Amino acid sequence: MKKMFRFFLVLLIVLGVAAGAGVWKVSQLAKTPLPIKQEAIFTLKQGTGRLALGTQLYDEKLITRPRVFQWLLRVKPELAKFKAGTYRFTPGMTVSDMLELLASGKEAQFPLRLVEGMRLSDLLEQLREAPFVQHTLKDDSYATVAETLKFEHPEWVEGWFYPDTWMYTANTTDVALLKRVHQKMVKAVAQAWESKIDGLPYKNENDLVTMASIIEKETAVASERDQVASVFINRLRIGMRLQTDPTVIYGMGESYNGKLTRKDLETPTPYNTYVISGMPPGPIAIPSEASLQAAAHPAKTPYLYFVADGKGGHTFSTNLASHNKAVQVYIKALKDKNGQ
(Lines give C-alpha, C1' and ligand atoms only; values in the text may rest on other atoms or scores of the structure.)
Protein backbone atom coordinates (compact mmCIF):
# COMPACT_ATOMS: atom_id res chain seq x y z
CA MET A 1 0.00 0.00 0.00
CA LYS A 2 2.85 2.33 0.89
CA LYS A 3 4.55 1.51 -2.40
CA MET A 4 1.37 2.37 -4.32
CA PHE A 5 1.06 5.66 -2.43
CA ARG A 6 4.65 6.52 -3.20
CA PHE A 7 4.09 5.69 -6.85
CA PHE A 8 1.10 8.03 -7.17
CA LEU A 9 2.95 10.70 -5.22
CA VAL A 10 5.89 10.51 -7.62
CA LEU A 11 3.49 10.46 -10.56
CA LEU A 12 1.74 13.60 -9.31
CA ILE A 13 5.06 15.31 -8.82
CA VAL A 14 6.18 14.38 -12.33
CA LEU A 15 2.89 15.53 -13.82
CA GLY A 16 3.09 18.76 -11.84
CA VAL A 17 6.60 19.41 -13.05
CA ALA A 18 5.56 18.63 -16.64
CA ALA A 19 2.54 20.90 -16.37
CA GLY A 20 4.69 23.62 -14.90
CA ALA A 21 7.21 23.20 -17.69
CA GLY A 22 4.38 23.33 -20.25
CA VAL A 23 2.99 26.53 -18.73
CA TRP A 24 6.49 28.01 -18.73
CA LYS A 25 6.98 27.09 -22.38
CA VAL A 26 3.63 28.65 -23.31
CA SER A 27 4.47 31.79 -21.36
CA GLN A 28 7.87 32.01 -23.03
CA LEU A 29 6.38 31.51 -26.50
CA ALA A 30 3.86 34.30 -25.92
CA LYS A 31 6.75 36.68 -25.12
CA THR A 32 8.95 35.49 -27.99
CA PRO A 33 9.47 38.05 -30.81
CA LEU A 34 8.59 36.91 -34.31
CA PRO A 35 11.73 35.81 -36.22
CA ILE A 36 11.55 38.62 -38.78
CA LYS A 37 13.94 41.47 -39.55
CA GLN A 38 11.54 43.44 -41.75
CA GLU A 39 7.80 43.90 -42.17
CA ALA A 40 5.91 40.79 -43.22
CA ILE A 41 2.48 40.72 -44.86
CA PHE A 42 0.35 37.83 -43.66
CA THR A 43 -3.01 36.85 -45.16
CA LEU A 44 -5.41 34.77 -43.08
CA LYS A 45 -8.15 33.15 -45.15
CA GLN A 46 -11.78 32.94 -44.10
CA GLY A 47 -12.56 29.81 -42.06
CA THR A 48 -8.98 29.16 -40.89
CA GLY A 49 -8.96 27.21 -37.60
CA ARG A 50 -6.39 26.93 -34.82
CA LEU A 51 -4.46 24.02 -36.31
CA ALA A 52 -4.44 25.55 -39.80
CA LEU A 53 -3.24 28.88 -38.41
CA GLY A 54 -0.39 27.22 -36.55
CA THR A 55 0.61 25.28 -39.64
CA GLN A 56 0.52 28.40 -41.83
CA LEU A 57 2.58 30.43 -39.35
CA TYR A 58 5.12 27.60 -39.12
CA ASP A 59 5.29 27.16 -42.90
CA GLU A 60 5.88 30.89 -43.33
CA LYS A 61 8.61 30.74 -40.65
CA LEU A 62 6.77 33.09 -38.29
CA ILE A 63 6.79 30.61 -35.39
CA THR A 64 9.18 27.74 -34.59
CA ARG A 65 7.15 25.65 -32.11
CA PRO A 66 3.72 24.80 -33.55
CA ARG A 67 2.76 22.39 -30.73
CA VAL A 68 3.49 24.92 -28.01
CA PHE A 69 1.57 27.44 -30.12
CA GLN A 70 -1.52 25.22 -29.89
CA TRP A 71 -1.11 25.07 -26.10
CA LEU A 72 -0.93 28.86 -26.05
CA LEU A 73 -4.27 29.10 -27.88
CA ARG A 74 -5.82 26.76 -25.32
CA VAL A 75 -4.36 28.50 -22.28
CA LYS A 76 -5.37 31.93 -23.63
CA PRO A 77 -8.57 31.38 -25.64
CA GLU A 78 -9.07 35.14 -26.01
CA LEU A 79 -6.12 35.09 -28.44
CA ALA A 80 -7.78 32.39 -30.54
CA LYS A 81 -10.55 34.67 -31.82
CA PHE A 82 -8.62 35.66 -34.92
CA LYS A 83 -10.30 37.23 -37.96
CA ALA A 84 -9.68 36.73 -41.65
CA GLY A 85 -7.76 39.49 -43.42
CA THR A 86 -4.34 40.73 -44.51
CA TYR A 87 -2.11 41.96 -41.70
CA ARG A 88 1.26 43.65 -41.32
CA PHE A 89 3.69 42.06 -38.86
CA THR A 90 6.59 44.25 -37.70
CA PRO A 91 10.02 43.43 -36.24
CA GLY A 92 9.91 43.20 -32.45
CA MET A 93 6.28 42.05 -32.42
CA THR A 94 5.79 39.09 -30.05
CA VAL A 95 3.65 36.03 -30.71
CA SER A 96 1.13 37.45 -28.25
CA ASP A 97 1.15 40.83 -30.06
CA MET A 98 0.61 39.02 -33.35
CA LEU A 99 -2.39 37.09 -32.03
CA GLU A 100 -3.89 40.25 -30.55
CA LEU A 101 -3.54 41.91 -33.95
CA LEU A 102 -5.23 38.96 -35.68
CA ALA A 103 -8.03 39.12 -33.12
CA SER A 104 -8.46 42.89 -33.57
CA GLY A 105 -9.23 42.66 -37.28
CA LYS A 106 -7.07 45.75 -37.92
CA GLU A 107 -5.92 44.91 -41.42
CA ALA A 108 -2.83 46.33 -43.12
CA GLN A 109 -3.30 49.59 -45.00
CA PHE A 110 -1.55 50.11 -48.33
CA PRO A 111 -0.84 53.52 -49.94
CA LEU A 112 -1.76 54.61 -53.44
CA ARG A 113 -0.05 57.95 -54.11
CA LEU A 114 -1.68 60.06 -56.80
CA VAL A 115 0.34 63.13 -57.73
CA GLU A 116 -1.07 66.36 -59.10
CA GLY A 117 -0.13 66.85 -62.73
CA MET A 118 -0.50 63.20 -63.69
CA ARG A 119 -3.04 62.04 -66.27
CA LEU A 120 -5.84 59.56 -65.69
CA SER A 121 -3.90 57.08 -67.86
CA ASP A 122 -0.99 57.37 -65.41
CA LEU A 123 -3.36 56.87 -62.49
CA LEU A 124 -4.84 53.74 -64.06
CA GLU A 125 -1.39 52.32 -64.78
CA GLN A 126 -0.36 52.94 -61.18
CA LEU A 127 -3.58 51.31 -59.99
CA ARG A 128 -2.80 48.22 -62.08
CA GLU A 129 0.56 47.91 -60.32
CA ALA A 130 -0.78 48.55 -56.80
CA PRO A 131 -0.42 45.49 -54.53
CA PHE A 132 -3.47 43.63 -53.20
CA VAL A 133 -5.95 45.59 -55.37
CA GLN A 134 -8.74 43.54 -56.91
CA HIS A 135 -8.95 44.50 -60.59
CA THR A 136 -12.47 44.59 -62.00
CA LEU A 137 -12.29 47.20 -64.80
CA LYS A 138 -12.55 45.42 -68.14
CA ASP A 139 -10.02 47.87 -69.63
CA ASP A 140 -8.41 51.24 -68.96
CA SER A 141 -10.21 53.31 -71.57
CA TYR A 142 -11.64 56.61 -70.37
CA ALA A 143 -15.07 55.59 -71.69
CA THR A 144 -15.01 52.45 -69.55
CA VAL A 145 -14.06 54.46 -66.46
CA ALA A 146 -16.88 56.98 -67.07
CA GLU A 147 -19.42 54.22 -67.69
CA THR A 148 -18.38 52.11 -64.70
CA LEU A 149 -18.32 55.03 -62.29
CA LYS A 150 -21.60 56.34 -63.75
CA PHE A 151 -20.33 59.86 -64.41
CA GLU A 152 -23.04 62.49 -64.71
CA HIS A 153 -21.00 63.95 -67.58
CA PRO A 154 -19.27 60.99 -69.31
CA GLU A 155 -17.06 63.35 -71.31
CA TRP A 156 -15.66 64.90 -68.11
CA VAL A 157 -13.07 62.25 -67.24
CA GLU A 158 -9.54 63.62 -67.43
CA GLY A 159 -8.65 65.75 -64.42
CA TRP A 160 -11.59 64.65 -62.26
CA PHE A 161 -9.65 62.66 -59.67
CA TYR A 162 -8.22 64.04 -56.43
CA PRO A 163 -4.44 63.86 -55.96
CA ASP A 164 -3.54 62.49 -52.54
CA THR A 165 -2.14 59.43 -50.79
CA TRP A 166 -5.05 57.02 -50.62
CA MET A 167 -5.00 54.16 -48.13
CA TYR A 168 -6.77 50.88 -48.81
CA THR A 169 -6.96 47.33 -47.47
CA ALA A 170 -6.26 44.12 -49.39
CA ASN A 171 -8.90 43.08 -51.94
CA THR A 172 -10.27 46.62 -52.30
CA THR A 173 -11.45 46.89 -55.90
CA ASP A 174 -10.01 49.33 -58.40
CA VAL A 175 -13.52 50.70 -58.96
CA ALA A 176 -14.06 51.34 -55.24
CA LEU A 177 -10.79 53.28 -55.09
CA LEU A 178 -11.57 55.29 -58.22
CA LYS A 179 -14.99 56.20 -56.82
CA ARG A 180 -13.43 57.55 -53.62
CA VAL A 181 -10.83 59.54 -55.55
CA HIS A 182 -13.41 60.93 -58.00
CA GLN A 183 -15.98 61.85 -55.33
CA LYS A 184 -13.44 63.90 -53.41
CA MET A 185 -12.51 65.81 -56.57
CA VAL A 186 -16.19 66.45 -57.32
CA LYS A 187 -16.54 68.03 -53.87
CA ALA A 188 -13.36 70.10 -54.28
CA VAL A 189 -14.49 71.38 -57.68
CA ALA A 190 -17.96 72.20 -56.33
CA GLN A 191 -16.44 74.26 -53.53
CA ALA A 192 -14.11 76.10 -55.91
CA TRP A 193 -16.97 76.74 -58.35
CA GLU A 194 -19.24 78.03 -55.59
CA SER A 195 -16.59 80.44 -54.29
CA LYS A 196 -15.18 81.65 -57.63
CA ILE A 197 -15.06 85.36 -58.36
CA ASP A 198 -17.64 86.83 -60.72
CA GLY A 199 -17.04 87.37 -64.40
CA LEU A 200 -14.69 84.49 -65.15
CA PRO A 201 -14.94 83.16 -68.73
CA TYR A 202 -15.96 79.61 -67.74
CA LYS A 203 -19.08 77.94 -69.11
CA ASN A 204 -19.10 75.14 -66.54
CA GLU A 205 -17.10 73.30 -63.87
CA ASN A 206 -15.13 71.40 -66.50
CA ASP A 207 -13.73 74.69 -67.82
CA LEU A 208 -12.60 75.48 -64.28
CA VAL A 209 -10.86 72.10 -63.98
CA THR A 210 -9.33 72.62 -67.44
CA MET A 211 -7.85 75.96 -66.41
CA ALA A 212 -6.63 74.48 -63.12
CA SER A 213 -4.91 71.64 -65.00
CA ILE A 214 -3.09 74.14 -67.25
CA ILE A 215 -1.96 76.13 -64.22
CA GLU A 216 -0.77 72.89 -62.61
CA LYS A 217 1.40 72.03 -65.59
CA GLU A 218 2.75 75.57 -66.03
CA THR A 219 4.13 76.22 -62.54
CA ALA A 220 5.20 74.38 -59.42
CA VAL A 221 5.61 77.61 -57.46
CA ALA A 222 2.64 78.03 -55.12
CA SER A 223 2.88 81.82 -54.97
CA GLU A 224 2.69 82.09 -58.78
CA ARG A 225 -0.46 80.08 -59.42
CA ASP A 226 -2.92 82.96 -59.22
CA GLN A 227 -0.65 85.11 -61.43
CA VAL A 228 -0.41 82.37 -64.07
CA ALA A 229 -4.20 82.12 -63.88
CA SER A 230 -4.47 85.87 -64.42
CA VAL A 231 -2.42 85.70 -67.63
CA PHE A 232 -4.73 83.10 -69.17
CA ILE A 233 -7.89 84.84 -67.97
CA ASN A 234 -6.64 88.15 -69.39
CA ARG A 235 -5.94 86.47 -72.73
CA LEU A 236 -9.37 84.85 -72.88
CA ARG A 237 -11.05 88.17 -72.16
CA ILE A 238 -9.37 89.94 -75.09
CA GLY A 239 -9.66 87.00 -77.49
CA MET A 240 -5.94 86.23 -77.45
CA ARG A 241 -4.91 82.59 -77.84
CA LEU A 242 -3.65 80.83 -74.70
CA GLN A 243 -0.50 79.53 -76.44
CA THR A 244 0.48 77.18 -73.63
CA ASP A 245 2.90 74.34 -74.36
CA PRO A 246 1.39 71.73 -71.98
CA THR A 247 -1.84 71.68 -74.01
CA VAL A 248 0.15 71.05 -77.20
CA ILE A 249 2.00 68.19 -75.51
CA TYR A 250 -1.26 66.65 -74.30
CA GLY A 251 -2.74 66.86 -77.80
CA MET A 252 0.28 65.11 -79.28
CA GLY A 253 -0.34 62.01 -77.15
CA GLU A 254 2.27 59.28 -77.44
CA SER A 255 4.02 61.02 -80.32
CA TYR A 256 5.55 63.53 -77.90
CA ASN A 257 9.25 62.63 -77.43
CA GLY A 258 10.22 65.18 -74.80
CA LYS A 259 10.88 68.11 -77.14
CA LEU A 260 8.55 70.58 -78.83
CA THR A 261 9.37 71.84 -82.31
CA ARG A 262 7.95 74.74 -84.28
CA LYS A 263 6.16 72.17 -86.43
CA ASP A 264 4.50 70.76 -83.30
CA LEU A 265 3.25 74.23 -82.37
CA GLU A 266 1.82 74.71 -85.86
CA THR A 267 0.23 71.25 -86.19
CA PRO A 268 -3.51 71.44 -85.42
CA THR A 269 -5.00 69.25 -82.71
CA PRO A 270 -8.08 69.94 -80.58
CA TYR A 271 -5.69 70.84 -77.73
CA ASN A 272 -3.15 72.96 -79.60
CA THR A 273 -3.81 76.38 -78.07
CA TYR A 274 -1.35 77.97 -80.50
CA VAL A 275 -3.84 77.08 -83.24
CA ILE A 276 -7.28 77.07 -81.56
CA SER A 277 -8.91 80.03 -79.89
CA GLY A 278 -10.33 79.86 -76.40
CA MET A 279 -10.09 76.91 -74.03
CA PRO A 280 -9.07 73.38 -75.05
CA PRO A 281 -11.86 70.74 -74.96
CA GLY A 282 -11.04 69.60 -71.44
CA PRO A 283 -8.42 69.17 -68.70
CA ILE A 284 -4.93 67.96 -69.55
CA ALA A 285 -4.00 66.59 -66.11
CA ILE A 286 -5.13 66.16 -62.52
CA PRO A 287 -4.93 69.57 -60.82
CA SER A 288 -4.15 70.18 -57.17
CA GLU A 289 -6.68 71.89 -54.95
CA ALA A 290 -4.35 74.92 -54.92
CA SER A 291 -4.59 75.14 -58.71
CA LEU A 292 -8.38 74.82 -58.53
CA GLN A 293 -8.44 77.76 -56.14
CA ALA A 294 -6.11 79.77 -58.40
CA ALA A 295 -8.40 79.11 -61.37
CA ALA A 296 -11.37 80.24 -59.28
CA HIS A 297 -9.56 83.26 -57.81
CA PRO A 298 -7.01 84.56 -60.33
CA ALA A 299 -4.97 87.58 -59.32
CA LYS A 300 -5.95 90.95 -60.76
CA THR A 301 -2.97 91.80 -62.98
CA PRO A 302 -2.30 93.40 -66.37
CA TYR A 303 -0.04 90.50 -67.38
CA LEU A 304 -0.39 88.81 -70.76
CA TYR A 305 2.91 86.89 -70.88
CA PHE A 306 5.22 84.86 -68.67
CA VAL A 307 8.41 82.89 -69.19
CA ALA A 308 10.66 80.82 -66.94
CA ASP A 309 13.32 82.90 -65.17
CA GLY A 310 15.86 80.08 -64.89
CA LYS A 311 15.58 80.05 -61.09
CA GLY A 312 12.49 77.92 -60.74
CA GLY A 313 9.98 80.73 -61.14
CA HIS A 314 8.67 82.94 -63.93
CA THR A 315 8.96 86.52 -65.18
CA PHE A 316 5.60 88.14 -65.97
CA SER A 317 5.16 90.86 -68.59
CA THR A 318 2.40 93.14 -69.85
CA ASN A 319 3.65 93.49 -73.42
CA LEU A 320 5.50 91.51 -76.08
CA ALA A 321 8.65 93.66 -76.04
CA SER A 322 9.19 93.11 -72.30
CA HIS A 323 8.37 89.45 -72.72
CA ASN A 324 10.97 89.03 -75.47
CA LYS A 325 13.60 90.61 -73.21
CA ALA A 326 12.64 88.17 -70.44
CA VAL A 327 12.96 85.30 -72.90
CA GLN A 328 16.51 86.42 -73.79
CA VAL A 329 17.41 86.60 -70.09
CA TYR A 330 16.10 83.06 -69.65
CA ILE A 331 18.09 81.78 -72.66
CA LYS A 332 21.27 83.38 -71.26
CA ALA A 333 20.60 81.80 -67.86
CA LEU A 334 20.29 78.40 -69.53
CA LYS A 335 23.55 78.87 -71.43
CA ASP A 336 25.37 79.96 -68.25
CA LYS A 337 23.99 76.95 -66.43
CA ASN A 338 25.16 74.60 -69.17
CA GLY A 339 28.54 76.29 -69.40
CA GLN A 340 28.09 77.41 -72.98
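Colleague: Which residues of helix H10 are buried?

Modeller: In helix H10 (residues 245-252), the buried residues are Pro246, Thr247, Val248, Tyr250 and Met252. Buried means under 20% relative accessible area with a 1.4 Å probe, protein chains only. Helices are DSSP runs of H or I with at least four residues, strands are runs of E with at least two, and both are numbered from the N terminus. This is a predicted model, where local features need pLDDT of at least 70 and side-chain atom pairs count only at pLDDT 80 or more, while totals for chains, interfaces and linings use all residues. Residues are numbered from 1 along each chain as its sequence is written, and side-chain values use heavy atoms, with hydrogens and water left out.

Colleague: What covers the buried residues of H10?

Modeller: The cover includes H6, H8 and helix H11 (262-266), and contact means heavy atoms within 4.5 Å.

Colleague: Which residues have the most contacts inside the largest nonpolar core?

Modeller: They are Phe161, Tyr202 and Met211, in a core of 60 residues. Such a core is a set of buried Ala, Val, Leu, Ile, Met, Phe, Trp, Tyr and Cys residues joined through side-chain atoms within 4.5 Å.

Colleague: Which helix gives the most to this core?

Modeller: H7 does, with nine residues. Another core, of 26 residues, lies apart and has Leu57 and Met93 among its members.

Colleague: In what sense do E3 and E4 pair?

Modeller: E3 and strand E4 (residues 165-168) are antiparallel, over four bridges; pairing requires at least two DSSP bridges. Phenylalanine 110 stands opposite tyrosine 168 in E4.

Note on methods:
Buried < 20%, exposed > 50% of the residue type's maximum accessible area, 1.4 Å probe, protein only.
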